[in-house]
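Let us read a model together, one feature at a time.

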Amino acid sequence: ARQELEKKLQEKPDVESLVEKHILLDRVSPAIAGSAAEFESAVRRDRINSSLRSRPTRESLVDRNILHDGTPQLQQKQFELERKQRRDSLAKKIAHRAEREELVEANILPDLD
C-alpha cells in the first residue's frame, strides 16, 4: 500500500499543469479563489439585472413595430392574408397594364423598330 501511495504521489501533476487545465484557478489560496469567483458571479448577476431593468416594455416594442400584438396563430393568419391581398393586387395591376405598342404610341417608350 505504501508503494502505491508513493507511486501515485510521483505521478501527481504539478501545480502549473493543473492551472493550465483550469483545474486550479491560480496560485492563490482556495478561500481567495472562492471569493473571487463569487465576486465575478455577483458582477455578472448585476449586469444581467441592470440589462433587464433597462429592457424596453412590451408596449413600446409593439409601438415601434418590433413586436406584434396578439397571439402567434392570429399573427400568422393575418400575415398570410396580407400577403395574398398583395399578390392579388399585383396580379390585377399586371393584367391591366398597357401593352408595349400603346406605350410607344403615347411616347412613353422609344420606338426601337
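Q: What order do the elements of the protein follow from the N terminus on?
A: This is a predicted model. From the N terminus on, the elements run α-α-α-α-α-α. The count is 6 helices and 0 strands.

Q: What radius of gyration does the protein have, and what would a compact globule of 113 residues have?
A: The general idea is to set the radius over C-alpha atoms against a rule based on the number of residues. For a compact globule of 113 residues, the rule gives a value near 13 Å. The protein has 36 Å. Along the principal axes, its C-alpha atoms fill a box of roughly 105 × 45 × 30 Å.

Q: How many of the 113 residues count as buried?
A: Buried means under 20% relative accessible area. Here 5% of the 113 residues count as buried. The accessible surface of the protein comes to about 11100 Å². Carbon and sulfur atoms account for 54% of that surface.

Q: Which side chains meet in a salt bridge?
A: Look for a side-chain nitrogen of Lys or Arg within 4 Å of a carboxyl oxygen of Asp or Glu. A search of the whole structure finds 1 salt bridge. The partners are Arg 2 and Glu 6, at 3.5 Å from N to O.

Q: Where do Arg 2 and Glu 6 lie?
A: Both are in helix H1, which covers residues 2-11. They are 4 residues apart, about one turn of the helix.

Q: Is Arg 2 buried or exposed?
A: The cut-off for exposed is over 50% relative accessible area. Arg 2 has 67%, so Arg 2 is exposed. Glu 6 has 41%, so Glu 6 is partly exposed.

Q: How far apart are the mean positions of the positive and negative charges?
A: The protein has 22 positive and 22 negative charges. Their mean positions are 6 Å apart.

Q: Which residues gather in a patch of negative charge on the surface?
A: The patch holds Glu 99, Glu 101, Glu 102, Glu 105, Asp 111 and Asp 113. Asp 113 lies in the segment after helix H6 (100-105). With a relative accessible area of 91%, Asp 113 is exposed.

Q: Which residues form a nonpolar patch on the surface?
A: Val 15, Ile 23 and Leu 24 form this patch. Together they have about 240 Å² of accessible area. Val 15 sits in helix H2, residues 15-20. Val 15 counts as partly exposed because its relative accessibility is 37%.

Methods. Residues are numbered from 1 along each chain as its sequence is written. This is a predicted model: local features need pLDDT of at least 70, side-chain atom pairs count only at pLDDT 80 or more; totals for chains, interfaces and linings use all residues. Side-chain values use heavy atoms; hydrogens and water are left out. Patches are made of residues with over 30% relative accessible area and no salt bridge: like charges are joined within 9 Å, nonpolar side chains (Val, Leu, Ile, Met, Phe, Trp, Tyr) within 5 Å. Accessible areas come from the Shrake-Rupley method with a 1.4 Å probe; for residues, only the protein chains shown count as cover. Helices (H or I, at least four residues) and strands (E, at least two) are DSSP runs, numbered from the N terminus. Buried means under 20% relative accessible area, exposed over 50%, partly exposed in between (1.4 Å probe, protein chains only). The radius of gyration is taken over C-alpha atoms; the globule rule is 2.2 Å times the number of residues to the power 0.38. Lys and Arg count as positive and Asp and Glu as negative; His and the chain ends are not counted. The place of a charge is taken as NZ of Lys, CZ of Arg, CG of Asp or CD of Glu.
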